[in-house]
Amino acid sequence: MCVIKIKNVYKSFKKDKPVLKNINLNIEKGEMVGLIGPSGSGKSTLLRLLGGFEVIDPVTDSEIEMLGQLTQNNGKKTSCCRQSHQYIGIIFQQFNLVGRLRLLTNVLIGRLGKIPSWKGTLGFFPKEDKIKALEALERVNMVDFAFQRASTLSGGQQQRGAIARVLAQESKIILADEPIASLDPASSDRVMNHLVNINRTDKTTIIVSLHQFEVAKTRCERIVALKDGEIIYDGSPQNISKEDLINLYGVESADALYA
Ligand SMILES: Nc1ncnc2c1ncn2[C@@H]1O[C@H](COP(=O)(O)OP(=O)(O)O)[C@@H](O)[C@H]1O
Ligand SMILES: [Mg+2]
């Protein structure tokens, strides 16, 4: 089943200067896709379009479908776009937890789409939701920190909290935008282990943008490479050529990467 369908998508912020060009991509349920490409190649913009934070250009026959529902076409969001937030979990480079709130409360925010809004607004989370949030924290080994303010946690711990939040949300699709870019190597490993584990165990479809090709190569079964807003490679990490890497990262980096 195709859970993400991107057809003929362009995105410009300035007239006639598209930062994404002719993007066509079908992603199947349970895939773990590594989105790579140099800075400015359009990775975040693509993820933001899928998350419904940006609108595609009004190009004939262009569309985005998430879980079989049309969320954007021909330059407009559809009525399904808002609903799609319920099942799309987003993870950012900067963790995006509310620092003054306890970690558990941050994770419960992931459940807000699932309970009557007045309860959530008043901070009355039903017991079942608290249990779900604690279970999510348990999965990322963060349950001991449930009652600590998010701002007192390390970057790696906050990112694991952000993963717990998308778990509590019961996301069917996770979009992670450079989730390890601000982390040290050990914390990066832990965060990537959790994402891979969620992908394998829950069959959650994951697109993760990564700065480092080595990480994408070892953690993702499919690589999509962007350069100047165009897809220049889509396939398994094994088949990417040295020319592709030179094209993406320049000669010296490619030599080191193509071992
Ligand atoms: N809100 C915006 N307004 C104007 N230009 C933007 C905006 N967001 C991104 N861009 C431009 O789009 C291009 C792609 O950016 P981005 O998607 O952030 O790339 P990446 O995540 O691969 O580094 C860049 O040239 C960037 O300057
Ligand atoms: Mg980016």
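This is a predicted model: local features need pLDDT of at least 70, side-chain atom pairs count only at pLDDT 80 or more; totals for chains, interfaces and linings use all residues.
Reader: Which residues of H9 are buried, and on how wide an arc do they lie?

Author: In helix H9 (residues 242-249), the buried residues are Asp244, Leu245, Leu248 and Tyr249. They fall on the same side of H9, because the arc they cover around the axis is only 105°. Residues three or four places apart point the same way, since an α-helix has 3.6 residues a turn.

Reader: Which residue follows H9, and what is its phi?

Author: H9 is followed by glycine 250. The phi of glycine 250 is positive, near 90°.

Reader: How far is the sulfur of cysteine 81 from the closest cysteine sulfur, and is cysteine 81 buried or exposed?

Author: The structure holds zero disulfides. A pair of cysteine sulfur atoms must lie within 2.5 Å to count as one. The closest sulfur to that of cysteine 81 belongs to cysteine 80 and is too far for a bond, at 8.7 Å. With 4% relative accessibility, against a cut-off of under 20%, cysteine 81 counts as buried.

Reader: Which ring does the charged end of lysine 11 sit over?

Author: Between aromatic rings, a search of the whole structure finds zero pairs. The charged end of lysine 11 is 5.1 Å from the centre of a ring and sits over it, the ring being that of phenylalanine 13.

How values were computed: Residues are numbered from 1 along each chain as its sequence is written. Chains are lettered from A and ligands numbered from 1 in the order in which they are written. Side-chain values use heavy atoms; hydrogens and water are left out. Buried means under 20% relative accessible area, exposed over 50%, partly exposed in between (1.4 Å probe, protein chains only). Helices (H or I, at least four residues) and strands (E, at least two) are DSSP runs, numbered from the N terminus. The arc is that of the directions from the helix axis to the C-beta atoms. Rings of Phe, Tyr and Trp (its six-membered ring) pair if their centres lie within 6.5 Å; planes under 30 degrees apart count as stacked, over 60 as edge-to-face and the rest as tilted. A charge sits over a ring if NZ of Lys or CZ of Arg is within 6 Å of the ring centre and within 35 degrees of the ring normal.
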